[in-house]
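Please open the model in your viewer and keep the selection tool at hand.

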Amino acid sequence: MTAPAARFRTAVEDRDLAALEELLTEDVRLYSPVKFRPFEGKPAVVGLLRVLLRTFEDFHYVGEFAGTAETSADGTATPSSVLIFRATVNGKEIHGMDLLHHTEDGAGRIEEINVMVRPQSAVQALGEAVLAGLVADGLAPAPARP
């Protein structure tokens, strides 16, 4: 496992938001399975990670891979790691992966995160729970009532 992935994994497992924040570049992007546009910038991504740490139940990593992959932002190949996880959200079992793109400057910071989740019922439960958390934290407007 790469050093940035190991630090990310430890921070997530310890629910250490400060350590996660230190790992991120200022212009970090997080691509979510429930939103087309990425969360951009450290404040937005840290806010989302805060909600996710509260939302996931029984979160644990079950595997990892390292190599290179193209970023979603510009297609640049970067050192990358995949952390495979399992969790529960509102009674739905989730299988997922965090694809982490690291900087090449020696600092080992994370510049892009792609989160992939299955099955569809879990994606829906996760989306609803995360939206509620973002609204509660003042990071997203409340959905309009029909």
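Select Val 12, Leu 53, Phe 56, Phe 59 and Tyr 61, which among the 13 lining residues of the largest pocket lie nearest its centre. A pocket here is an open set of points on a 1 Å grid over the protein atoms alone, where a 1.4 Å probe fits, with protein on both sides within 12 Å along at least five of seven lines, and lining residues have an atom within 4 Å of a point. This is a predicted model, in which local features need pLDDT of at least 70 and side-chain atom pairs count only at pLDDT 80 or more, while totals for chains, interfaces and linings use all residues. Residues are numbered from 1 along each chain as its sequence is written, and side-chain values use heavy atoms, with hydrogens and water left out.

Next, colour H1, helix H3 (42-55) and strand S3 (57-70), each of which supplies at least two residues of this lining; helices (H or I, at least four residues) and strands (E, at least two) are DSSP runs, numbered from the N terminus.

Then go to Arg 7, which sits in helix H1 (residues 3-13). Which residues does Arg 7 touch, leaving aside those up to four places away in sequence? They are Leu 23, Ala 107 and Gly 108, where contact means heavy atoms within 4.5 Å. For a distance across the model, pick Pro 143 as well: its C-alpha lies 35 Å from that of Arg 7, and the two are 136 residues apart in sequence.

Finally, zoom out to the whole chain, which has four helices and six strands in the order α-α-β-β-α-β-β-β-β-α.
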